[in-house]
Amino acid sequence: MRTGQSLFRGGGIVLLHLLVLAALIVGTQAADWWVFAGVYPVAAIGVGVAMHRYFAHQAFRTSRLFQFALALMASLSFGNAVHFAGKHTLHHRHSDTPRDVHTPLQGWWQCWLGSLIDCGHSEDEIRREARRYFELPELVWLYRHGSIPALVLCALLFAIGGFSMMAIGGCLPSVLLLHQSSAVNYFCHCRGSRAFATRDQSRNHPVVALLTYGEGWHNNHHRFPRSARAGMRWWELDLFYGVICLLEALGLIWDVQRIDKHRLQAAGVGTIGTKYQQGV
Ligand SMILES: [Zn+2]
Ligand SMILES: [Zn+2]
């Protein structure tokens, strides 16, 4: 069963890359890139805000309807919000130990792609960690059929604008977001600075943070996993937190988890890492 799933995931990842490459070689239209400009931000929010900060860490609360909308956004790039919530909880619990399936200590390949092809955990383990979502039939359906929304999107784009629109508008966001997430998993556990003395090897990496809209402030995140905000200092740009504030202002989400200054200081910000030692 697991070998079959791994082949499906591995084959899917290769196919997505090949489709994008083929479109870039054969040629694209301006309309393809306009569609990309519309799909990519929604899919990126689906990964960073929905899948990571909400489903895995419950950084805010929302209605059942908007929760489903968030899960759908995550699935636009073949993400599976409930599965990710289970897997990512295990990453935080076992970070940089032999039980962490995508620590760089297991090598670049396993960290960047191997853990996406075979997540390294049984379905029972994943379901146990994400059990709060299994009471909701709409999320159970999406857990079992997580690829359908992205496939429907690709089919629609193919029908509207042909092969290049499907590849650039439907597949390219998934390819980019896959590598952005893996960059966090890899670089933010072996390069960069540490603001907090966490038990793992998590790091803050400004370049990765810029390329992942705030997700690269990963040492901050490992210290305060439930915080809606990963960039703790004013200069630690965190666009996803901006999106969360916007959704809060619109009344779509509430109970946003924030860390106040006193808790930050009590947690020892400034104890490790050159930038922080200088009191910036
Ligand atoms: Zn991590
Ligand atoms: Zn996390």
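Biologist: Where does Phe78 sit?

Modeller: This is a predicted model, and in it Phe78 lies in the loop between α3 (64–75) and α4 (81–93). Its phi is positive, about 65°, although Phe78 is not a glycine.

Biologist: What makes Phe78 count as buried?

Modeller: Phe78 has 24 C-beta neighbours inside 10 Å. The cut-off for buried is 20 or more, so Phe78 counts as buried.

Biologist: And why is Asp96 called partly exposed?

Modeller: Asp96 has 19 other C-beta atoms within 10 Å. Buried needs 20 or more and exposed 12 or fewer, so Asp96 falls in between and is partly exposed. Asp96 is in the loop between α4 and α5 (108–117), and it too has a positive phi, near 60°, without being a glycine.

Biologist: In α5, how do you know that the buried residues are on the same side?

Modeller: The buried residues there are Cys111, Ser115 and Leu116. They cover an arc of only 105° around the axis, so they lie on the same side of α5. Exposed Trp108 and Trp109 are on the face turned away from that buried side.

Biologist: Why is α2 called oblique to α4?

Modeller: α2 (residues 30–56) packs on α4 at an angle of about 60°, and the axes are 9 Å apart. Roughly parallel would be under 35 degrees, and roughly perpendicular starts at 65, so α2 is oblique to α4. The contact includes Phe55 of α2 and Phe84 of α4, and its residues divide into 8 nonpolar, 3 polar and no charged.

Terms used: Residues are numbered from 1 along each chain as its sequence is written. Chains are lettered from A and ligands numbered from 1 in the order in which they are written. This is a predicted model: local features need pLDDT of at least 70, side-chain atom pairs count only at pLDDT 80 or more; totals for chains, interfaces and linings use all residues. Helices (H or I, at least four residues) and strands (E, at least two) are DSSP runs, numbered from the N terminus. The arc is that of the directions from the helix axis to the C-beta atoms. Axes are lines fitted to C-alpha atoms, for helices over the stretch in contact, and angles run from 0 to 180 degrees between N-to-C directions. Angles under 35 degrees count as roughly parallel, over 145 as roughly antiparallel, 65 to 115 as roughly perpendicular and the rest as oblique. Two residues are in contact if their C-beta atoms, placed from the backbone, lie within 7 Å. Ala, Val, Leu, Ile, Met, Phe, Trp, Tyr, Cys and Pro count as nonpolar, Asp, Glu, Lys and Arg as charged, and the others, Gly among them, as polar.
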